[in-house]
Amino acid sequence: FARLRTGDHALTGGRIAPQHGWSLDGVYRFYNRFDGAFTGRRDVRAMIPLAYEGATVQGRFASDTVRYYGGYLARMKQINDPDFEDLAAAGFLPGDSNGMAYAGGQRKINPNMMLQGGYHAVDNLLNMSWIDFDYVYRFDKERYVRLDMQYLYQNDNGDANLGQFSMNNRAAYLEARPTAWFIPYGIIGRNSDGAELRSPYSLGPSYLVQRIGENAKAGEKTWILGSTFDFATLGMRGLAFDVSYGERTGRHNNGNVAQPLADWKELATDLIFTFGKQYGWAEGIRMRARWARVWEDGNQFSNGVITNISQKQDDVRFDFQWRYVFK
């Protein structure tokens, strides 16, 4: 790629991996908003994340309280795929697409209030737009309550390769930090009947992503409860544990309530240890152990028939990451 920069503004073109995530300072938990937009790396530690061919412009002004981004993406390389393809084939979607034009903005109204959103037009496939408002009430330097609300909208674009559809998703996220080591959170979401929430070019800005379950299906009602435990504040520096449980109900295939999907229940845990400066040469090493289980129960439409299913699946993984900065 090549980059042209002037001050806090840059134009980048070639093979790129746009990243637009930004958050309020001092909030702890942001694991389920990796990309912060409907374009991004979708980096789920599957060796090689998403990449694109295109150009993007990004910048900041007003003492870095306002950021903007935009651009055009012509082709994409899917996770672990060696080749770049058009945005339909690379996103496992029907038809073909000549590319995506997108733009977004983020504003920190003050240190405790933030507004952001974006619009993405993917030729012959779909339009994706969203708006998000984030607010933090701080009791002191470490203790706070945080509320985030968002609205996402998608509809068909062009040759109806995805069929004619429109959908919206509404969600709210509540996080608290009553003590330094305890960070409970809760999420509720409601997806319209029109279609599922799609994010083929990132993990998206939605809060409804879990360890195994990702985007909301048509008609889905979602709630998730959990907590992070930051043991670093108790003297065990670098150690954190997260546990969450969520349920997804009222689900069905796109636009057709006569084609139900089974209820989804997920329990997940993450144990993470990060080596800090006190470990010398090992600084930057991050190790994670994960266990998650999903139960699917209820009526499920498949191969033209509706059957009652009861099944479970597990996700067990251990990963090792070493971020080394050359000086």
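Asp230 and Arg177 pair up through their side chains in a salt bridge, with N to O at 3.1 Å (a salt bridge is a side-chain nitrogen of Lys or Arg within 4 Å of a carboxyl oxygen of Asp or Glu). Asp230 sits in strand β12 (residues 221-230) and Arg177 in strand β10, so this pair ties together parts that are 53 residues apart in sequence. Strands here (E, at least two residues) and helices (H or I, at least four) are DSSP runs, numbered from the N terminus.

Keep in mind that this is a predicted model: local features need pLDDT of at least 70 and side-chain atom pairs count only at pLDDT 80 or more, while totals for chains, interfaces and linings use all residues. Residues are numbered from 1 along each chain as its sequence is written, and side-chain values use heavy atoms, with hydrogens and water left out.

**Salt bridges**

- The structure holds 19 salt bridges.
- Side chains of opposite charge can pair when their charged atoms come close.
- Asp230 counts as buried because its relative accessibility is 10% (buried means under 20% relative accessible area, exposed over 50%, and partly exposed in between, with a 1.4 Å probe and protein chains only).
- Arg211 and Asp270 form another salt bridge through their side chains, at 3.2 Å from N to O.
- That pair links distant parts of the chain: Arg211 is in the loop between β11 (182-191) and β12, Asp270 is in strand β14 (residues 263-274), and they are 59 residues apart.
- Arg211 is buried at a relative accessible area of 10%, and Asp270 is buried at 5%.
- Arg288 and Asp319 make a salt bridge too, with their side chains at 2.6 Å from N to O.
- Here the link runs between Arg288 in strand β15 (residues 285-302) and Asp319 in strand β16, distant parts of the chain 31 residues apart.
- Both Arg288 and Asp319 are buried.

**Around Asp315**

- Asp315 lies in strand β16 (residues 305-322), and its relative accessible area of 15% makes it buried.
- The side chains of Asp315 and Arg317 are joined by a polar contact of 2.9 Å (a pair of N or O atoms within 3.5 Å; within protein, one must be able to donate a hydrogen and the other to accept it, and residues adjacent in sequence count only if both atoms are side-chain atoms).
- Setting aside neighbours within four places in sequence, Asp315 is in contact with Ile212, Arg290, Trp291 and Ala292 (contact means heavy atoms within 4.5 Å).

**Nonpolar cores**

- The largest nonpolar core has 27 residues, and Met100, Val122, Leu125 and Tyr201 have the most contacts inside it (a core is a set of buried Ala, Val, Leu, Ile, Met, Phe, Trp, Tyr and Cys residues joined through side-chain atoms within 4.5 Å).
- β4 (66-77), α1 (87-90), β6 (100-110) and β8 each supply at least two residues of this core.
- Leu125, leaving aside neighbours within four places in sequence, has contacts that include Leu87, Leu93, Pro94, Leu162 and Tyr201.
- A second, separate core of eight residues includes Tyr185, Leu208, Ala216 and Ile224.

**Nonpolar surface patch**

- Tyr135, Tyr137, Phe139, Val145, Leu147, Met149 and Leu174 make a nonpolar surface patch of about 630 Å².
- Patches are made of residues with over 30% relative accessible area and no salt bridge, where like charges are joined within 9 Å and nonpolar side chains (Val, Leu, Ile, Met, Phe, Trp, Tyr) within 5 Å.
- Accessible areas come from the Shrake-Rupley method with a 1.4 Å probe, and for residues only the protein chains shown count as cover.
- β8 (126-138) and β9 (144-156) each supply at least two of the patch residues, and β9 gives the most, with three.
- Leu174 is in strand β10 (residues 166-177) and counts as partly exposed at 47% relative accessibility.

**Two loop residues**

- Ser199 lies in the loop between β11 and β12 and counts as buried at 7% relative accessibility.
- A polar atom of the Ser199 side chain lies 3.4 Å from the backbone oxygen of Ser202.
- Asp25 is in the loop between β2 (9-16) and β3 (51-61) and counts as exposed at 56% relative accessibility.
- Not counting residues up to four places away in sequence, Asp25 touches Lys108 and Arg138.
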